[in-house]
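Open the structure in your viewer and keep the selection tool at hand. The stops below say what to select next and what is there.

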Number of protein chains: 2
Amino acid sequence: MFNFKINHKSEISKARTGVFITPHGAINTPVFMPVGTVGTVKTMMPSELKEFGSQIILGNTYHLYLRPGDKSIKKLGGLAKFNGWNMPTLTDSGGFQVFSLSGEKDKGVKQKQKPRKLTEKGVTFYSHLDGSRHFISPEKSIEIQQNLGADIIMAFDHVAPAGATKKEAEEAMERTHRWLVRSKNAKSKLDQALFPICQGGQFKDLREKSATFIKTLDFPGNAIGGVSVGEKKEKIYEVTDWCTNILPEDKPRYLMGIGYPEDICAVIKLGIDMFDCVLPTRLARHGNVWIKSKSRNAIKLIGLDYKYEQIDLLKKKNISNDPIDKTCKCPACQGFSRFYLNHLIKEREPLGVHLLTIHNLYFTHQLVNDIKKKIREKKF
Amino acid sequence: MFNFKINHKSEISKARTGVFITPHGAINTPVFMPVGTVGTVKTMMPSELKEFGSQIILGNTYHLYLRPGDKSIKKLGGLAKFNGWNMPTLTDSGGFQVFSLSGEKDKGVKQKQKPRKLTEKGVTFYSHLDGSRHFISPEKSIEIQQNLGADIIMAFDHVAPAGATKKEAEEAMERTHRWLVRSKNAKSKLDQALFPICQGGQFKDLREKSATFIKTLDFPGNAIGGVSVGEKKEKIYEVTDWCTNILPEDKPRYLMGIGYPEDICAVIKLGIDMFDCVLPTRLARHGNVWIKSKSRNAIKLIGLDYKYEQIDLLKKKNISNDPIDKTCKCPACQGFSRFYLNHLIKEREPLGVHLLTIHNLYFTHQLVNDIKKKIREKKF
């Protein structure tokens, strides 16, 4: 049902291209996966996503469980039918949201929301929507994800908070491993691939221990979690490197929550095949776009022959009668001026965010395509 | 530059099909014109509008003058270039908004907003956005509309409020006529067609006087205004009938602000060729859609062989795993369930309103196409 084949390897890094086969179709790696939190990549029609190069989209278990409910989605034939996408999907375990959206007291939790409670059995939490009480465990997460029916599902993990001590990171990692075994035992459907998540904070020996443990359980793919939580870029790359040195080469490697263009370049070089990020869609909602740029402020994309810049279309200095990026072939750059896009965003017209989202997703998919080309030439 | 040709006439009503040639292209009439208040039909890509049958869209002079400014739009080559539509456009005169959005004291005006002041010269008003002071006159309206560069521009008129006495309606009409002559004299561009607006409230002799006056000035098309302001349907049809009995047959007739399906059927029978309405887009924003229906509550569309119903997709009784309308071929009905659309709207996902807007516009354009077919058979 699931199969990963490596097609090309770079001669100067751990980068590779490959194909991962899933029940809803083949995914050409490396692949950027847009995030569709409540089942939809914000503002985007499924047909547009396909047109602009998306191959697989994410859904968030936590959100979809609360609304509209995983059982309703099951009745409609699963996530890919529910949202009209009909191509490969991936759901996270809900763990990240349980820990970040229903957090501890004194950590930005809304006054009326009770703090979550963690035990070995699982997590009791209160909905960020209406304060209602819920319990999620490895078994419950798998049950929900089986109802959602994504091609790739994630093991329920314990993400240590940013700035965790080694002891805290180790405890979270050990719990993640115990929960992983329970997730594996709970899983009964054959048309879904369960990916374990490597934890261990920013500690080399913990990361190596976690990667080694995961490796022995032989899953169809492996993920790395908890690296993007409040860390510096260099640390993210270092942690990723430790993990990919151990995680099996013949299985796809998924780095969770990564998405800045320079990060995408860096982690593909470290042997990452899959990554997701809300940045292209979230930045669009705030009027920001990524463009190829020769400016002094532009950021180098190591391994590629261009630099990029993030610009704010709400700022006067960035407004002109030109398109977002003259060299870009996306529909937003083919028919609309920065002046018009600025007008739409200021007027809160949904088309504005839609066009900026199209541009950012197009830019990101193009970036990955450019990298793939270099890997095929063995020079990335 | 402008030319109207009638192709078919019904044998049992005043309905006709025709073609109106404009600098940005031909418009096949009767035609429903979607409203793009600030230069964009809410949520819609220009390419989608074309795909689903739109031929001409409206822009609002009042809004575009305030933001982003008519001079900026002129620099970009006019409204049709500004918004990437590149097909025929029409701008209203700003009169309706000046009277409705910056109204009189004690009539729902925001506390901080000063009331507008009407003189023979024009109207001083305060922006509904920031309270800034502005003056608009027939000459100023034409100047703005020439900068906006639409194919069809409207004369600046005085719309009498709902429930106006005959004296008030007559004064507003007489002023509209004096302002019409000033609008005509102010117009200098040849690539824009100026349409006069017939006023006169709900008084037969006033409407006939207004239509007769307008007729003598020989414009490339004629409009009927002030009929939809708080009137009952029967009255709207009656007033329209009075006007179309006099307004020239060989020029397109535009009824302003009409859009319920039964109204569209009724007024086309009365010889109307063009009409605009915010309903398909506004209803979508409130979760409402129009569908073909055999239900007891469905509304007859006289002259067509189906009935329709307006349903609220936020109501539980209307949610199912079926599409909005099984018989509809629009993209919203081809790939998405009512359940999913309900979910999107409740979650305030922009895609929800976008899909409902697509459906309502598609429904409206299809309705007009069905009517055109009947007219070609001379049986509408």
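**Stop 1: a hairpin in chain B**

Select β8(B) and β9(B): the two strands form a hairpin with six residues between them, and in the turn B:G131 has a positive phi of about 80 degrees. Strand β8 covers residues 123–126 of chain B and strand β9 covers residues 133–136; they pair in the antiparallel sense over four bridges. To see one facing position, show B:T124, which stands opposite B:F135 in β9(B). Keep in mind that this is a predicted model.

**Stop 2: chain A as a whole**

Now select chain A. How many helices and strands are there in chain A? There are 14 helices and 18 strands. Buried residues make up 53% of the 380 residues in chain A. Of the contacts in chain A with a separation of 6 or more, 65% are between residues 24 or more positions apart.

Next, colour chain A by pLDDT. The mean is 94, and 96% of the residues of chain A reach 70 or more. Then select residues 104–109 of chain A, where pLDDT stays under 50. For this stretch the model has six contacts beyond four places in sequence.

**Stop 3: a hairpin in chain A**

Select residues 3–9 of chain A, which are strand β1, and residues 16–22, which are strand β2. The two strands pair in the antiparallel sense over six bridges. Together β1(A) and β2(A) form a hairpin, with six residues between them. Which residue in β2(A) stands opposite A:F4? Show the side chains there: the residue is A:F20.

**Stop 4: an open sheet of three strands**

Stay in chain A and select β16, β17 and β18. These three strands form an open sheet in the order β16-β18-β17, with antiparallel pairing. Which strands are at the edges? They are β16 (288–293) and β17 (299–300) of chain A, each of which pairs on one side only. Strand β18 of chain A covers residues 307–312, and two bridges join β17(A) to this strand. For one bridge, select A:I299 and its partner in β18(A), A:Y308.

**Stop 5: where the two chains touch**

Show both chains again. In the contact between them, 30 residues of chain B meet 30 residues of chain A. On the chain B side, select α3 (70–75), α13 (338–346) and α14 (350–376): each supplies at least two residues of the side that touches chain A. Colour that side of chain B by class, and it shows 14 nonpolar, eleven polar and five charged residues. For the complex, the predictor gives an ipTM of 0.93 and a pTM of 0.95.

**Stop 6: the axis**

Two copies of a chain are related by a rotation about an axis and a shift along it. Here, a rotation of 180 degrees with 0.0 Å of shift along the axis superposes chain B on chain A, with an RMSD of 0.0 Å. That is the relation of a two-fold axis. To find the axis from chain B, select B:P350: its C-alpha is the nearest to the axis in that chain, 3.3 Å away. The same surface serves both copies, as 100% of the contact residues of chain B recur in chain A.

Methods:
Residues numbered from 1 in each chain as written. Chains lettered and ligands numbered in written order. Contact = placed C-beta atoms within 7 Å. Nonpolar A, V, L, I, M, F, W, Y, C, P; charged D, E, K, R; others polar. Pairing = 2+ DSSP bridges. Least-squares fit on C-alpha atoms with pLDDT ≥ 70 in both. pLDDT = per-residue confidence, 0-100. Buried ≥ 20, exposed ≤ 12 C-beta atoms within 10 Å, placed from the backbone.
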